[in-house]
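Please look at the sequence and the structure below with the following explanation beside them.

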Amino acid sequence: MKKAVWTAFLVALVVINGLAWLVDYFTGLHIPLPYRLTVVLSITFITLVFAGAAALVSQADTEIPLTRYDEPPESAPGKRAGDDPDSPDD
């Protein structure tokens, strides 16, 4: 996830500054640095959210149960102390 965020940050930094330079060169309209940084950080944070969501979704199949037991313990509600399903009824 860190690699995706750093990659997105660097790509956004280069692309946004390149576009700002092109706009300044061809139209004469200067885009101030705070606006450019806002766009770069916005792209970075959006990438962070989507990379985190992708990491959570990819780990969803490998969840393990919170308990160590597959069956409820003997003292579970609805069970009596002497109940044994394998013993014959008296």
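Ala-20 is a residue of helix H1, where helices (H or I, at least four residues) and strands (E, at least two) are DSSP runs numbered from the N terminus. This is a predicted model, in which local features need pLDDT of at least 70 and side-chain atom pairs count only at pLDDT 80 or more, while totals for chains, interfaces and linings use all residues. Residues are numbered from 1 along each chain as its sequence is written, and side-chain values use heavy atoms, with hydrogens and water left out.

With a relative accessible area of 7%, Ala-20 is buried; buried means under 20% relative accessible area, exposed means over 50%, and partly exposed lies in between (1.4 Å probe, protein chains only). Leaving aside residues up to four places away in sequence, Ala-20 touches Ile-31 and Arg-36, contact meaning heavy atoms within 4.5 Å. From C-alpha to C-alpha, Ala-20 and Ile-31 are 6.1 Å apart in space, although 11 residues separate them in sequence.

The next topic is the packing of the helices. Two packed helices are described by the angle between their axes and the distance between the axes. Here the axes of helix H1 (residues 2–27) and helix H2 (residues 33–59) come within 9 Å and cross at roughly 150°, the axes being lines fitted to C-alpha atoms, for helices over the stretch in contact, with angles running from 0 to 180 degrees between N-to-C directions. H1 is therefore roughly antiparallel to H2, since angles over 145 degrees count as roughly antiparallel, under 35 as roughly parallel, 65 to 115 as roughly perpendicular and the rest as oblique.

On the H1 side the residues in contact include Ala-8, Leu-13, Ile-16 and Ala-20, and on the H2 side they include Arg-36, Val-40, Leu-48 and Ala-51. The residues of this contact divide into 14 nonpolar, three polar and one charged, where Ala, Val, Leu, Ile, Met, Phe, Trp, Tyr, Cys and Pro count as nonpolar, Asp, Glu, Lys and Arg as charged, and the others, Gly among them, as polar. Val-14 is also found in helix H1, but at 60% relative accessibility Val-14 counts as exposed.

Which aromatic pairs does the structure hold? There are three, a pair being rings of Phe, Tyr and Trp (its six-membered ring) whose centres lie within 6.5 Å, with planes under 30 degrees apart called stacked, over 60 edge-to-face and the rest tilted. One of them joins Trp-6 and Phe-9 edge-to-face, at 6.0 Å centre to centre and 85° between the planes. Because Trp-6 and Phe-9 are three residues apart in helix H1, about one helical turn separates them. Trp-6 is exposed at 56% relative accessibility, while Phe-9 is partly exposed at 23%. Trp-21 and Tyr-25 form a stacked pair, 5.3 Å centre to centre with 20° between the planes, and ring pairs link Trp-21, Tyr-25 and Phe-26 into a cluster.
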